[in-house]
Amino acid sequence: MPHAAKDPAAFIAADRAHVWHQLSQHQPFADKPPMIVAEGKGLRIKDIHGNEYLDATSGGVWCVNVGYGRDRIADAVCAQLKKMPYYAASVGNLPFIELAEMLAPHMPGLTRTYLSNSGSEANEKAYKMVRAMAHLTGNTSKKKILYRNRDYHGTTITALSSGGQYERRDWFGPFTPGFVEFPHACCYRCAFNKTYPGCDLDCARSVERIILAEGPETVGGLIVEPITAGGGIIPPVAEYYDVLAAICAKYGVLLILDEVVCGMGRTGTMFGYQHYGVAPDIVTMAKGVASAYMPIAITATTEAVFQAFVNDPSDKLAYFRDISTFGGCAACCTAAVENLKIIEEENLLQRVTEKGRSLKAALEELLSLPGVGDVRGKGLLCGVEFVEDKATKKPLAEAKVARIAAEAAGHGVLVGRANRSLPGMNNFITLAPAYVITQDDIERIVNTLRDTILKVLV
């Protein structure tokens, strides 16, 4: 049946009969059907019943960064699909070349762009590069990769092997060997029970102790989100990456920055790591590359990493033997090019900085409310952590946080929340609105949260 001919009840019936939703327990849908989204413009979306919501999540998973309804991107993609939709990325295509050339000035030191179709896959490419380089450099044992507690790097088995969110990992093992965890960087819940700045940055310095314990000759890479996103919206303190990068350089460990969430302007700089002055070896990105108008991901590297794979053709294994089918999608690259032009031409980085500052300041006013323990963030990536008791910092029960989010949705504002990720610590909501957010939008979001918090927690 054509979509236009279906009424809402028919869509709901078809959804119940055939659709398997992500991150969803379907049993409750028998009584209350899931939201079905029909259209969007700017920060607003409408469901099939015509109900309108202010989407403070940029599509639920922080990716529709330039907002809904961008005809410019859709029209450019349509034109490219008609001209040349796809050819495997073992050869070039014009939008891919344009995208790679446009990105380079925004990430000094990173000269090469490798395409795939998701953040999980972009990180897998980085891991494969680290492990292949162990062979190319003659130290075949230098394959371990360190990852940080509470960070998330994707949903494949190997990406989960490097993920510090244990409820996302449950039941999916055994995991890929060679991944080693180090402590998170959340000052509000310091893993060492210390207080910044008198802590000597143990969260970063612990990495050296772990490398020495594992054996420096076995550790080839380290991956972090520049700002931990789904694990609690955690911006490390200013000096953190100076310490981390120095340790990586000392032991010949490739520093991988997972910019899947933070990249393409989310925090007010083009990439989150640029707040810290660090120079990574590899950067991965996905969600905001095309603002989710098309699926595309990138693994960007320094020239040194790229040149490690440029070798005598007579050695049939001495190049990067990898392929991603949809890495050759010219239309995806076109969407990314237009998305980047919008960010540049509309000066959205400055807007993210200004509106992000306003959003965080407004959220900090909620700290006086019962149950609001901490407010964290950078740019338009903010989180509110809830506690049962402010003195002990006992985390608020996940069910109550879910009620806060549900009540906000009932008032037409969609916020994110920790969702079965961190055992006993799914006690925060997340905000990542599109870059076109207005001051009125900010006031509506925060006022709705205030009313909702008072209703649920008082």
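**A pocket, its rings and a buried helix**

In this predicted model, strand β4 supplies the largest share of the lining of the second largest pocket, namely five residues. That pocket has a volume of about 620 Å³ and is lined by 27 residues, of which Ala-89, Thr-113, Tyr-114, Phe-306 and Phe-320 lie nearest its centre. The elements that give two or more residues to this lining are α4 (94-103), β4 (110-116) and α10.

Tyr-114, Phe-309 and Phe-320 form one aromatic cluster, and Phe-306 has the charged end of Arg-112 sitting over its ring, 3.7 Å from the ring centre. A further contact of this kind is made by Lys-393, which lies over the face of Tyr-188 at 4.3 Å from the ring centre.

How many aromatic pairs does the model contain, if ring centres must lie within 6.5 Å of each other? The count comes to six aromatic pairs. In one of them, the rings of Tyr-127 and Phe-179 have their centres 5.1 Å apart and their planes at 65 degrees, and because planes over 60 degrees apart count as edge-to-face, the pair is placed in that class. This pair links distant parts of the chain, since Tyr-127 belongs to helix α5 (residues 119-136) and Phe-179 to strand β6, 52 residues apart. Tyr-127 has a relative accessibility of 3% and therefore counts as buried, the cut-off being under 20%, and Phe-179, at 13%, counts as buried too. The rings of Phe-309 and Phe-320 have their centres 5.4 Å apart with planes at 65 degrees, so this pair is likewise edge-to-face. Phe-309 and Phe-320 both lie in the loop between α10 (303-307) and α11 (330-345), so the pair ties together parts that are eleven residues apart in sequence. With relative accessible areas of 11% for Phe-309 and 14% for Phe-320, each of the two is buried.

The backbone also deserves attention, because most residues other than glycine have a negative phi, and most peptide bonds are trans. A cis peptide bond joins Gly-173 and Pro-174, with omega about 5 degrees, and Pro-174 is found in the loop between α7 (166-169) and β6. Another cis peptide bond, with omega about 10 degrees, joins Tyr-196 and Pro-197, where Pro-197 is found in the loop between β6 and α8. That loop between β6 and α8 also holds Leu-201, which has a positive phi of about 50 degrees although it is not a glycine; at 9% relative accessibility, Leu-201 counts as buried. Leu-23, in the loop between α1 (8-18) and β1 (37-41), also has a positive phi, near 50 degrees, but at 55% relative accessibility Leu-23 counts as exposed.

Helix α8 comprises 13 residues (202-214), and at 1.5 Å a residue it should span 18 Å, which agrees with the 18 Å between its end C-alpha atoms. Which residues of α8 are buried? They are Asp-202, Cys-203, Ala-204, Ser-206, Val-207, Ile-210 and Ile-211, and what covers them includes β5 (144-148), β6 (179-182), β7 (219-224) and α9 (240-250). Just after α8, Gly-215 takes a positive phi of about 105 degrees.

Notes: Residues are numbered from 1 along each chain as its sequence is written. This is a predicted model: local features need pLDDT of at least 70, side-chain atom pairs count only at pLDDT 80 or more; totals for chains, interfaces and linings use all residues. Side-chain values use heavy atoms; hydrogens and water are left out. Helices (H or I, at least four residues) and strands (E, at least two) are DSSP runs, numbered from the N terminus. The expected span of a helix is 1.5 Å times one less than its number of residues. Buried means under 20% relative accessible area, exposed over 50%, partly exposed in between (1.4 Å probe, protein chains only). Contact means heavy atoms within 4.5 Å. Rings of Phe, Tyr and Trp (its six-membered ring) pair if their centres lie within 6.5 Å; planes under 30 degrees apart count as stacked, over 60 as edge-to-face and the rest as tilted. A charge sits over a ring if NZ of Lys or CZ of Arg is within 6 Å of the ring centre and within 35 degrees of the ring normal. On a 1 Å grid over the protein atoms alone, a cavity is a set of points where a 1.4 Å probe fits but cannot get out, and a pocket is an open set with protein on both sides within 12 Å along at least five of seven lines; lining residues have an atom within 4 Å of a point. Grid points are joined across faces, edges and corners, and a volume is the space filled by probe spheres set on the points.
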